[in-house]
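Work through the exercises below with the sequence and the 3D view at hand. Try each task before reading its solution.

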Amino acid sequence: MGIVTTGIISFTLIAINLGFSGSFVATWLRSWATAYVIVIPIILLVSPRLQAQVDRVLS
């Protein structure tokens, strides 16, 4: 899920901000890798805490 999400978001933002230039693929892959490395640990740390809070509110 993290791979798909970061890929779509990074692709969209690079396309909007830089357009489809000759270096698009390299820029996108670098951006995607950076986003993935940042997002996955955050998801693993934040998700359980957020789920616990949601469970408390709903129960």
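**Exercise 1.** State how many aromatic pairs the structure holds, and classify the pair of Phe-11 and Phe-24.

*Solution.* Step 1: rings of Phe, Tyr and Trp (its six-membered ring) pair if their centres lie within 6.5 Å; planes under 30 degrees apart are stacked, over 60 edge-to-face, and the rest tilted. Step 2: by this rule the structure holds six aromatic pairs. Step 3: the ring centres of Phe-11 and Phe-24 are 5.3 Å apart and the planes stand at 90°, so this pair is edge-to-face. Step 4: Phe-11 belongs to helix H1 (residues 2–18) and Phe-24 to helix H2, so the pair ties together parts 13 residues apart in sequence. Helices here are DSSP runs (H or I, at least four residues), and strands are E runs of at least two, numbered from the N terminus.

The model is predicted: local features need pLDDT of at least 70 and side-chain atom pairs count only at pLDDT 80 or more, while totals for chains, interfaces and linings use all residues. Residues are numbered from 1 along each chain as its sequence is written, and side-chain values use heavy atoms, without hydrogens and water.

**Exercise 2.** Decide whether Phe-11, Phe-24 and Phe-20 are buried, partly exposed or exposed.

*Solution.* Step 1: buried means under 20% relative accessible area, exposed over 50%, and partly exposed in between (1.4 Å probe, protein chains only). Step 2: Phe-11 has 33%, so it is partly exposed. Step 3: Phe-24 has 7%, so Phe-24 is buried. Phe-24 also forms a tilted pair with Phe-20, at 4.8 Å centre to centre and 50° between the planes. Step 4: Phe-20 has 62%, so Phe-20 is exposed. Step 5: ring pairs link Phe-11, Phe-20, Phe-24, Trp-28 and Trp-32 into a cluster.

**Exercise 3.** Describe the surroundings of Ser-10.

*Solution.* Step 1: Ser-10 lies in helix H1. Step 2: its relative accessibility is 7%, so Ser-10 counts as buried. Step 3: leaving out residues up to four places away in sequence, Ser-10 touches Trp-28, Ser-31 and Trp-32; contact means heavy atoms within 4.5 Å.

**Exercise 4.** Describe the protein chain as a whole.

*Solution.* Step 1: the chain has two helices and zero strands. Step 2: its radius of gyration is 16 Å, whereas a compact globule of 59 residues would have one near 10 Å. This radius is taken over C-alpha atoms, and the globule rule is 2.2 Å times the number of residues to the power 0.38. Step 3: along the principal axes, the C-alpha atoms fill a box of roughly 55 × 20 × 15 Å. Step 4: buried residues make up 17% of the 59 residues.
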